[in-house]
Amino acid sequence: MSDLGIVFALLGAATAVLLAGAGSAIGVGIAGQAAAGVVTEDPGKFAKVLILQLLPGTQGIYGLLVGFIVLSNIGLLGGGVADISLQTGLLIFAACLPIGLVGLISAIFQGRTAVASIGIVAKKPDQFAKSMLFPAMVETYAILALLISILSVTSIKI
Amino acid sequence: MAVLKMQKINICSMKKNRKQILETIQSMGVIQIIPDSGNEQGFHKMDTSAQRFQFEKTAATVDQALEILQKYVPEKQGMLSSLEGRKYVDHQIFDQAMENKRLYLSVANEVVQSEKKMAENHANILKMQVKIDNIRPWMNMDIPMNTTGTKKTDVLIGTLDREYTLEQVYELLVQEKIDAPVDISIVSASKNQTCLVLICLKRDTGMVEEALRIHGFARVPFLSRKTPKHRIETLLDKISQLEEETEKIKARMSDLAVNREDLRLISDYFRIRAEKYGVLGGLAQSQNVFFLSGYVPERDAGKVVDKLENNLDALVEVEDIPEEEEVPVQLSNNHFSESVEGIVDSFGLPHKGEIDPTFIMSFFYVFLFGLMLSDAAYGLIVSLACGIVLLKFPNMEDGLKKSIRLFFYCGLSTLFWGLMFGGFFGDLISVVASTFFHTEVTLPALWFVPLDDPMRLLLYSMLFGLIHLFMGLGIKGYMMIRDGKYLDCLWDVGLWFAFLIGLILLLVPSDLFASIAGQKFVFPAFLGVIAKVLTLVGLIGIIWMSGRRKKNPALRIALGLYDVYGITGWLSDVLSYSRLLALGLATGVIAEVVNTMASMMGDGVLGAIFFIFVFLIGHTMNLAINLLGAYVHTNRLQYVEFFGKFYEGGGKPFAPFKQHTKYVRIKEDH
């Protein structure tokens, strides 16, 4: 049974990267569709809508961040895999859940908010700074989840 | 750090000076004209919309000509040409171009007409090519194309809709039981059609044609009196004529292109005039005099008065604006702080009675931005790039220049934090050292490495946040004191300060905090008492005083309790600064991911090439995405957390009547 520790640890890293990354892909994807629509009408707004499209992309990065810390902590990257008990493995798995799940959901909703904000830029380009704020609000919760994930992952003794 | 003080300026003068006065005001560009309400008796307004429209149209035509010239005679533009800003042009050169404006206008018109002519030629050439394609199968026919017959015979020129040989056509006629004398020659045959010429006696025509029609015969109604070969030659001739003409026009375009600079001046000239006429239309005028009023910044008022009264014989009066009137806002800050004016502007300029937050915000902005990006190398790159751009394009437009300067400062701050946290392209130095030189070298952090002790940076992030938020609350208090609302300041700001500071003093020595910080703080006993007193005074004070404008005591206390609930807002505001940690870590860790990937091929030449390749792509992406992140989230901390404490915005920007040009800026010699 104790061999399963490393499996769960890796499963944790995978969950973080996988869910958060998938969320970001969806979010950036739907925002990109709206952005492309705006650019067909007015190519001059390209830079602005591109920035808005990228906003839901950060969750994927947060997932990667946690995943990477896990991988380097359990020694998978260096070659010398640490001996991980089942309990530690499960702890790591649990620590990865916040950024995975919150990343998935918040990225999708941030993507939808970004779509609405792209609508603002299409009609009132001078309100760009404010339009950027709405998707950034959603991101707060991904950041909070990231925080707990990082704090737990780094504090688990291996 | 301030909003410029505005004054109201009233100008009255004889109509004969009108043009000169308006032009002077426009070139000075410091007065925002207040449109006349039209209520004064004996004054009327001029309708200038027709002239204005005419000037705008002219400017648009010249712009169009410039675009066409750019299309046919492209002007070389560097990649960064958009940073150059509009050129400065001497007043004299501008005036000189104006004297020849008719000439340049005719140039612009010629350009526009030429383009039209070229488009027509192009369309005609296409049409003729289609014609040639239609005639080509008939090339071998050596009679005029509109031949219909002789006195006794008819000539039918037409096509069958698939391939036939001569025999097959005769067979068709036999099939249809036609035995009249017929002469058929096939001109050409392809898979889709057979072109043929058929000669028969006039009396047989109907019968023969009918018989062939069943098999898909159709006459081709040619009109030309020439033989097909001849006809094609003439068409080709015409095409080459048109092409020649187009070439000539193109050559002429490059001759005309030398006027480009002057065309730009002309376009701006008409744009300026259009704006002037717009203002003219809003002026109150009587038989002999006109009257104008507007806002002028106090610091420029003297200059304006001096100029108008002494040189132009106008009556000028400058007055202070009463407190309650809403005036347009113009910010004025020192060289460093004005770089964040754009950020304040996009949130909203200070409303009446609010102070300009730019000065205080500028320090926090740069500080927080650096903390989020926190990589020495990235900071260096950003600063260097912005610095070079600033040096290389001194004429950049103001707004852009300020933004780039802001990023220059933010880059410096990033460099600073990067050194504090030991980040230089993440852990590049140690990775390169161990991969290629097999030694252990690390860039020591001046302070500490965040990934090793995230809890510590989290606490510091919240501390910075707390300072930022207290600063915001402090500004709110300052504004109240400035307006003489001392008691309100005590109740709304002082009590909150007491409550929050008391709570913090209670929290810090607690076990909970010790377990987070990993360190136990022991306060002397009297501090503990002070903390309790402050908290209680603050709490009770807020409950009792927040609803002080309500008479009903129950309602008053309910409102007070609701206000205390605002403590959750403070909690979430402070927690929000944890993004400083998260984003800082994100930059560092992704940089490490890139470095780890890059070093996977080991050392050696191949390894080095692979390393450089991955390094360049990976760090470019990381820098780009984290720059965006730092920018967005620094803005958010300023807009939501900081401004949320004291600032609403919503002031109207100062929009002076000036020369809104597109291509050049005119230097005045005064």
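User: Which domains does the domain assignment give for chain B?

Analyst: This is a predicted model. The assignment gives domain 1 (2-100 + 264-320), domain 2 (147-221), domain 3 (333-449 + 579-653) and domain 4 (485-566). Domain 1 and domain 3 are each written as two segments.

User: How far apart are the C-alpha centres of domain 2 and domain 3 of chain B?

Analyst: They lie 84 Å apart.

User: In what order do the strands of the open sheet in chain B run?

Analyst: Read the order across the sheet. Here it is S6-S7-S5-S8, with antiparallel pairing. Strand S6 (182-189) and strand S8 (218-219) are the edges; each has a single partner strand, so one side of each has no neighbour in the sheet. S8(B) pairs with strand S5 (residues 153-160) over 2 bridges. In S8(B), B:Ala218 is the bridge partner of B:Thr159.

User: Which helices pack on that sheet?

Analyst: Helix H5 (residues 166-175) of chain B touches S6 and strand S7 (194-201), and its direction makes about 135° with that of S6(B). Helix H6 (residues 205-213) of chain B touches S5, S6 and S7. The direction of H6(B) makes about 155° with that of S7(B).

User: What span should helix H15 of chain B have, and what do its end C-alpha atoms give?

Analyst: At 1.5 Å a residue, the 29 residues of H15(B) (454-482) should span 42 Å. The end C-alpha atoms are 42 Å apart, so the two agree. After the helix comes B:Gly484, with a positive phi near 80°.

User: Which elements do the buried residues of H15(B) pack against?

Analyst: Start with the residues. The buried ones include B:Pro454, B:Leu458, B:His468, B:Ile475 and B:Met480. From chain A, helix H5 (128-155) packs against the buried set. From chain B come helix H11 (358-373), helix H16 (486-507), helix H20 (567-576), helix H21 (579-598) and helix H22 (604-646).

User: Why does B:Ile567 count as partly exposed?

Analyst: Count neighbours. Buried takes 20 or more other C-beta atoms within 10 Å, and exposed takes 12 or fewer. B:Ile567 has 15, so this residue is partly exposed. B:Ile567 sits in helix H20 of chain B. B:Trp496 is 71 residues away in sequence, yet 9.3 Å away in space, C-alpha to C-alpha.

User: How many helices and strands does chain A have?

Analyst: Chain A has 5 helices and 0 strands. The C-alpha trace spans about 60 × 25 × 20 Å along its principal axes. Of the 158 residues, 53% count as buried. Among contacts between residues at least 6 apart in sequence, 86% join residues at least 24 apart.

Note on methods: Residues numbered from 1 in each chain as written. Chains lettered and ligands numbered in written order. Predicted model: local features only at pLDDT ≥ 70, side-chain atom pairs only at ≥ 80, totals over all residues. Helix = DSSP H or I, 4+ residues; strand = E, 2+ residues; numbered from the N terminus. Expected span 1.5 Å × (residues − 1). Contact = placed C-beta atoms within 7 Å. Domains from an automatic or database assignment. Pairing = 2+ DSSP bridges. Axes fitted to C-alpha atoms, helices over the stretch in contact; angles between N-to-C directions.
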